[in-house]
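Me: Here is a two-part request. Walk me through the model below, question by question, and give the cut-offs as you go.

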Amino acid sequence: MATADKSSLTPADKPLTGSPGPAQREATSGEASPLTSPEPLVKPRVGRAEVPGEAPAEGPRLLLRYSTGERLAHWGVAIAYILVFLSGLALFHPFFFWTSALFGGGPLMRILHPFIGVALAVLFYPYAARLWRDNRMLPRDWAWVRAMFSYINRREAGVPEVEGKYNAGQKLMYWSMIAVIAALLLSGIVLWQPYFAPSFSATARQAAAVVHVISAFIMFVGIGIHVYAAYWTKGSMKAMTRGTVTRAWARMHHPGWYRQVAGKGR
Amino acid sequence: MALQSLDIERRSATSTASPMARKTLEVAKLIDVSRCIGCKACQSACMEWNDLRDDVGVVAGSYTNPPDLTDQSWTLMRFYEEQIEGSLQWLILKDGCLHCADPGCLKACPAPGAIVQYTNGVVDFHQENCIGCGYCISGCPFNIPRMSKRDNKAYKCTLCSDRISVGLEPACVKTCPTQALSFGSKEDMLAQAEHRLTDLRERGFTKAAVYDPQGVGGTHVVFVLPHGDKPEAYGLPKEPRIGPLLAVWRSWVSRSLGVFTMFAVVVAGVFHYMKVGPLEEPKDDPSKRGED
């Protein structure tokens, strides 16, 4: 999965072996000469470029971050989310009832909404199951969480290096989605007319509705942050569209993951 | 299903004022349980006037038939055998919508105009706007609305809104042979109820009471209960009210706050980008610089 597959990359990405060009110098000299670094925004961190044998620089220029299957699953979930959110919005507040028109009117929206929700869960959980190992919270992640405010203000000083494929913010997003989608699915079943709702008491259905609304709200905020973070962190969108990131992107955002995968593409 | 159009007190899932230019007299139906003989004429009259035909069911060991309210049975005589103060009492209750002044169904409804409350107090379902979510059923403290399996719309007693809008009494009231049912202004009905209470107390029903629960703001179907201290014996909740869950879930404040916060999240993203700027991708290959 994490192995950079040469065949998926453009032919122009020929290995840099044997021609120690600027990119290779950058990999090794960042710490030594920060003033001449070509990327003023990237402040060098101890250990980041210390790769034995300069192995990373020898791989392909682009690194595979998400396989085609993962990307398809991600966008499947994304489409389901947009549809389920738009239809649910109509039920949430009369201000948004017009969104039901996008689903063929109120009754049809009410019929479709739960099915789209189930489709989301069905697409999400197998996809999430492939990612859970990379999302385990490590001790350093909690330090990252504490430094999150610095991170979102682009002050890299004091933000710990990211060890794995994801930073702590991404991991918390992952686990919150695991929890929130489960809550939405279970509470949604209690509310599902005409199949399941009649077998639950009025109180249970009211409680489920409250859980459903609050979870949906958390999910909206979470997905909002997720989408914005991907847009804000330049180079991330390509990871989920074309599947690849640049070496510099990987070094900057996920140095630990970079060291794991960069050399394997040869 | 209503013919009344310009005297609407409240409309479901509607943020702005409803057409309420006219103010009509607040009405009520009085059900004196002590006078009811359980003949079910009201049930038949309801079916007749509203063109409803329930499926033929089976006897479940009680006079209550059909066994429950349905989308085709908007009123139902319920029969209870209760041990009260050492003697067996055969209690009969004409069940159906109570037309709350503060209706939980209307509060819960997310479909604009699917449930309306007229200024005369009648709570009416407009099935053409119903989306079939069933929230009215979970919002009702009396467990009254029923979902049709045929069309997935909710149905219940209309208090014959089509009849009373043209000055007629509800069909059940018209047909009642013992005057257990009366219809008129709420004020008159409460006065009449007090009269009946005096009567009942003289006959030894010292705990007789009027059932006009204030937890839902009072109702437009009012009962005189001989055993008024035990409404549960008649299948009526002792203190019906709109629960805190429904209040939180459907309150205008919490939902608007939710919408506002969602907008705020979007605005925060724009502001953050403006203030902090993007986390630029470092350039990888100098020969490619400027292309990205």
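This is a predicted model: local features need pLDDT of at least 70, side-chain atom pairs count only at pLDDT 80 or more; totals for chains, interfaces and linings use all residues.

Me: How many helices and strands does chain A have?
Reply: Helices (H or I, at least four residues) and strands (E, at least two) are DSSP runs, numbered from the N terminus. Along the sequence, chain A reads α-α-β-α-α-α-α-α-α-α-β-α-α. The count is eleven helices and two strands.

Me: What percentage of chain A is buried?
Reply: A residue is buried if 20 or more other C-beta atoms lie within 10 Å of its own, exposed if 12 or fewer, and partly exposed in between, with C-beta atoms placed from the backbone. Chain A has 266 residues. The buried part is 35%.

Me: Which element of chain A gives the largest share of the side that touches chain B?
Reply: Contact means that the C-beta atoms of two residues, placed from the backbone, lie within 7 Å. By that test, 43 residues of chain A are in contact with 39 residues of chain B. At least two residues each come from α1 (22-29), α3 (68-92), α4 (106-131), α8 (202-232) and α10 (247-253) of chain A. The largest share, 14 residues, belongs to α8(A).

Me: How many residues on the side of chain A that touches chain B are nonpolar?
Reply: Ala, Val, Leu, Ile, Met, Phe, Trp, Tyr, Cys and Pro count as nonpolar, Asp, Glu, Lys and Arg as charged, and the others, Gly among them, as polar. On this side of chain A, ten residues are polar and seven charged. The nonpolar residues number 26.

Me: Which element gives the most to the side of domain 1 of chain A that touches domain 2 of chain A?
Reply: Domain bounds come from an automatic or database domain assignment, which gives chain A domain 1 (6-65 + 243-265) and domain 2 (68-236). Twelve residues of domain 1 of chain A are in contact with ten of domain 2 of chain A. On the domain 1 side, β2 (244-246), α10 and α11 (255-261) of chain A each supply at least two residues. The most, three residues, comes from α11(A).

Me: Is A:F200 buried, exposed or partly exposed?
Reply: A:F200 lies in the loop between α7 (168-191) and α8 of chain A. Leaving aside neighbours within four places in sequence, A:F200 is in contact with A:V190 and A:R205. A:F200 has 17 C-beta neighbours inside 10 Å, so its class is partly exposed.

Me: What is the radius of gyration of chain B?
Reply: The radius is taken over C-alpha atoms, and the globule rule is 2.2 Å times the number of residues to the power 0.38. A compact globule of 292 residues would come near 19 Å. The C-alpha trace of chain B spans about 100 × 45 × 40 Å along its principal axes. The radius of gyration of chain B is 26 Å.

Me: How far apart are the C-alpha centres of the two domains of chain B?
Reply: Chain B is divided into domain 1 (8-241) and domain 2 (243-277). Their C-alpha centres lie apart by 39 Å.

Me: Which strands stand at the edges of the open three-stranded sheet of chain B?
Reply: Two strands pair if DSSP finds at least two bridges between them. The sheet has the order β1-β5-β6 (chain B), with antiparallel pairing. An edge strand has a single partner, so one side is left without a neighbour in the sheet; here the edges are β1 (8-11) and β6 (123-125) of chain B.

Me: Which residue of β6(B) stands opposite B:V116?
Reply: Strand β5 (residues 115-118) of chain B runs antiparallel to β6(B), and three bridges join them. Opposite B:V116 stands B:D124.

Me: Which residue in the turn of the β3(B) and β4(B) hairpin has a positive phi?
Reply: Strands β3 (residues 76-84) and β4 (residues 87-95) of chain B pair in the antiparallel sense over nine bridges. B:M77 has B:K94 as its bridge partner, and B:E81 stands opposite B:W90. Two residues lie between the strands. The positive phi, about 50°, belongs to B:E85.

Key:
Residues are numbered from 1 along each chain as its sequence is written. Chains are lettered from A and ligands numbered from 1 in the order in which they are written.
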